[in-house]
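Hello,

Here is the structure I promised to pass on to you. Please open it next to this email, and then read on for what turned up in it.

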Amino acid sequence: MELLGRDPELERISTLLGNGRDGRGGSLLLLGDPGIGKTTLLKAATGGLTGRQLLEVDGFEAEITMPFAAVQRLIRPLRRHLDAVPDGHRQALLVAAGEVAGPAPDRFLVGLGVLGLLGAAGGSTPVVCSVDDAHLLDAESLDVLAFVGRRLAAEPVTLLLAARTTAAFPSRAAGIATVALTGLPQEAARRLLTRSLPGPIDPLVAARVVAATDGNPLALVDLAAELTIQQLTESSFGDEPLPIGRHLEQHYLRQVCQLGEEVRLWLLVAAADSTGNLDLITLASQELGLPADVAEAAEAAGLVELGRALRFRHPLVRSAAYNAAEGRQRRRAHRALSAVAEKLDLVERAAWHAAKATLGVDEDVAQRLELVADLAARRGGFASRARVLIEASALTLPGRRRSARLVGAAEAALTAGVGQLTKDLVDEIDEDSLEPVSRGRLVAVRAAHSLFVAAPALTHAAADMLAAAAFFHGEDPDLEQAALIRAWECALPAERLNTGLDWTDLGRRLAEGARVKQGDAATILRAVSALILEPYAAAVPPVRAALAAYDRMGAAEILQFGHSCVALATAVWDVDAIHRFLTRWAEAARDVGALQMLDNALWVLSLTEATGGTPYRAVQYMEQVRELRRAIGYDAEHVVNVAVLAWSAAARDQVLAMAEATYRMGFGGVQASALAVLARIDLAEGRDAEAYATLKPFIDDPFLHVTATTWPDFAEAAARTGHLAEARAVVAKLDERAEACRTPLALGLAARSRAVVEAAASGVDVERHFRAAVTVLDGCRARVEEGRAHLAYGEWLRRTRRRAAARPHLRRAAEIFGSAGADAFTGRAGRELRALGDTWEEATPARPAGLTSQELTAAELAAAGHTNAEIGAAMFLSVNTVDYHLRKVFQKLGVSSRRQLADRLRRGQA
């Protein structure tokens, strides 16, 4: 039968399906109220498809706490393509489905597996996925499908989702194109009404009915079925639209009540389960003594459809069937379903129905739910774990056990990234009722939540983690040491803004924590404690020992301790170690699909490149952060790293405003790093006084190992503004540190700083220090610092009238700055070269132009020797999409092989 009034929507879906057939994947979400026609539109759009594989999945309330339940049903017909999915992604799919044991996969790693599986299946036959009632999907499946929908590009795959309009759903499916379905246009609605009536109706009355129902198709059809033409004519609906949901449910309720007792009970069982599992419903009906033909009677009444699965005519029919029964009858139905599910070894479903059958508290059922929550966690279903533990707590007597279950729910909610639920749970817990370990876990969750949402409380997070460690002391050494390391990590973003924290006490507490158990955590704690309490030279050996421990760690340990390694490597000026550890941290996070942790690793990589590497690489990492944010559904267009932004032209006022805003939020470290980069830009552009004024407050109020990284710039600014005593004092401290840690960067910066200060003071041995600086920094990962050594040496040579000797250093500086993206320093080197009559532009390599951020990232990974599958895993894309991007890269750059690509990129990058 013709579908009325939905031509624009059908055309849009048809275009999407056509693109998918031609290898250009895409997704679409249909949102609308009950009865608005979402299901009908899906059926009309996908019915009669030829040459494509149609996968249909519905959301069920009974599965809403069963992690990856919908995903498991979706991919079941595609199992023959599993071998085409990368090993790590295939393992994640199987663990999520509960088929094999293994580390709990992140939901986004499962998403990558589903994306690859759909792409592989589409290679033989284009795939169309139709997901109805998506608002009833389990949280993990919805996250997976939303991820897939956002990443479809060059795959012969189309994803169609339909969901009821709710406040939360659009944000959970962010990034997917959405069509909001409203009532039918007046003429189409009138035609639908008259087509559904047995006879003619007055046009004016029809118009009033259409207005009263707001053009809701199901309301029009069911009103026509329920009321006679005379009743419709005599009804006074008023000027406001009918409350469609309530009116329809009352309509269905009347239909249910007109049925016999046995049919009503069968409908109650079907409504209580809601999965459509006919075997389960049939066995539960037999448990209740219902006759075998009762299901056909319900189908004959037009309320359900029987097939391989049961489907209600409309969700409101299910609601009516359930609400028509008394509480005692509902519990009886759930009890029967629980008993049968247990016999069928459906553990999660049995526990869920047992909970619904329980009146009041029941520790036995609560323990069953806790087991289900543990199973969910093993499959990576942390959102489901949180929901199940909340249900278990509701069946638990107030006290220690109930509060402990809520703590577990809060931890799971935070792991799943559900910040508001985490806060609500933490606020609900009676802290005094908890035993020490659970109390420590609660304090730790509260601190972690403040960091997660960037709440004002983050300035107290380090003190909170110390409090958590105190609760763990004598109870659980592993948790105690982890909390102490976390206290250190929480202290770093706030820097000087930390409250409730005495640094000497922190150092002593970390040293005490190192003694409770030997291992890598103890090694890290000793290093951090020494950095806080000991003279620098005495702290270097334990810091070196910690860095060696990081090098020995496997992926799991890197994920646990990766954040803390950056500060320790920074303390000894080891830029190679910083990059090595952060890269391993990012790779480990990618491998397990921990995209939020990967986001953190990429962000820190960008920050370290902005402050101690190359601006060009810093921007590349920020592009990867933006791409990652798009993949997980966040708005990536306004993602800004303030320190990276500081390198861009004409952004000073914006950077200052953003730095101040982050400072007010409690991120003192973000502000400090941004101002440090601005001071560096000021030095490049000759604003020495401004650089001195920016850095002086940090020198006067030092923060652990961080302030030392600004010493070279402060020494240069102080020397050039006549503050020679201050400059020499800082250089002396820099010399001491360089001698203690002996890393190339520290030695090179100390030599360069000594040369710059002595040159400003017309001192002796200036050239010896410059030569030492350029020699030690040659090939250093901190390319800008290497370029600055050549620049300062070349400037000094030119001012001492040694023009020929100056030229190669200035040209080398211009080359380094140009390829590194340090435009402010490039301009300065160019001015020096022009003063020599040189054409410095020829010394600056051109970077690849016209490549999108995705194309450039794919190109660099390909040039580094990665396969398309590895590139896809790194970029959260299918192999088909990677191949598509690389074809465009080859065309734009005029290359025909990966070797040529590597040569082309090498000429244009640092």
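**What was found**

The protein's secondary structure comes to 47 helices and seven strands. Please keep in mind that this is a predicted model. The C-alpha trace spans about 105 × 65 × 55 Å along its principal axes. Of the 910 residues in the protein, 56% are buried.

**Salt bridges**

How many salt bridges does a search of the whole structure find? The search finds 69. Here are a few for you to look up.

In one of them, the side chains of Lys517 and Asp478 meet at 2.7 Å, N to O. This pair links distant parts of the chain, 39 residues apart: Lys517 sits in the loop between helix 26 and helix 27 (520-533), and Asp478 in helix 25. Lys517 counts as partly exposed because its relative accessibility is 34%. Asp478 is partly exposed too, with a relative accessible area of 44%.

Another salt bridge joins the side chains of Glu832 and Arg798, again with a listed N to O distance of 2.7 Å. Glu832 belongs to helix 43 (residues 823-835) and Arg798 to helix 41 (residues 783-799), so this pair ties together parts that lie 34 residues apart in sequence.

Arg496 is partly exposed, with a relative accessible area of 30%, whereas Glu495 counts as buried at 6% relative accessibility.

There is also a network of salt bridges. It links Arg680, Asp688, Asp713, Glu716, Arg720, Arg752, Glu785, Arg788, Glu795 and Arg828.

Which residues form the negative surface patch? They are Glu261, Glu262, Asp293, Glu296, Glu299 and Glu305. Helix 13 (261-273) and helix 15 (294-300) each supply at least two residues of this patch. Glu262 lies in helix 13, and its 44% relative accessibility makes it partly exposed.

**Aromatic rings**

Nine aromatic pairs come out of a search of the whole structure. One of these pairs is Trp503 with Phe703, an edge-to-face arrangement with 5.4 Å from centre to centre and 80° between the planes. Why does this pair tie together parts that are 200 residues apart in sequence? Because Trp503 lies in helix 26 (residues 503-514), while Phe703 lies in the loop between helix 36 (688-700) and helix 37 (711-720). Trp503 counts as partly exposed at 23% relative accessibility, but Phe703 is buried, with a relative accessible area of 4%.

**Two residues with a positive phi**

Most residues other than glycine have a negative phi. With that in mind, have a look at Phe68, which is not a glycine and yet has a positive phi of about 65°. Phe68 is placed in the loop between strand 2 (53-58) and helix 3 (69-75). Its relative accessible area is 1%, so Phe68 is buried.

Trp573 is not a glycine either, and has a positive phi of about 60°. Where is Trp573 found? It is in the loop between helix 29 (555-571) and helix 30 (575-592). Trp573 is buried, with a relative accessible area of 6%.

Ile485 is found in helix 25 (residues 477-494) and is buried, with a relative accessible area of 3%.

Then try Arg754 and Ala514, which are 240 residues apart in sequence and 38 Å apart in space, C-alpha to C-alpha. Arg754 is part of helix 39 (residues 744-760). Its relative accessible area is 19%, and buried means under 20%, so Arg754 counts as buried.

Note on methods. Residues numbered from 1 in each chain as written. Predicted model: local features only at pLDDT ≥ 70, side-chain atom pairs only at ≥ 80, totals over all residues. Heavy atoms only, no water. Patch = residues over 30% accessible without salt bridge, like charges linked within 9 Å, V, L, I, M, F, W, Y side chains within 5 Å. Areas by Shrake-Rupley, 256 points an atom, 1.4 Å probe, with all protein chains shown as cover. Salt bridge = Lys/Arg side-chain N within 4 Å of Asp/Glu carboxyl O. Lys, Arg positive; Asp, Glu negative; His and termini not counted. Charge placed at Lys NZ, Arg CZ, Asp CG, Glu CD. Helix = DSSP H or I, 4+ residues; strand = E, 2+ residues; numbered from the N terminus. Buried < 20%, exposed > 50% of the residue type's maximum accessible area, 1.4 Å probe, protein only. Phe/Tyr/Trp six-rings, centres within 6.5 Å; stacked < 30°, edge-to-face > 60°.
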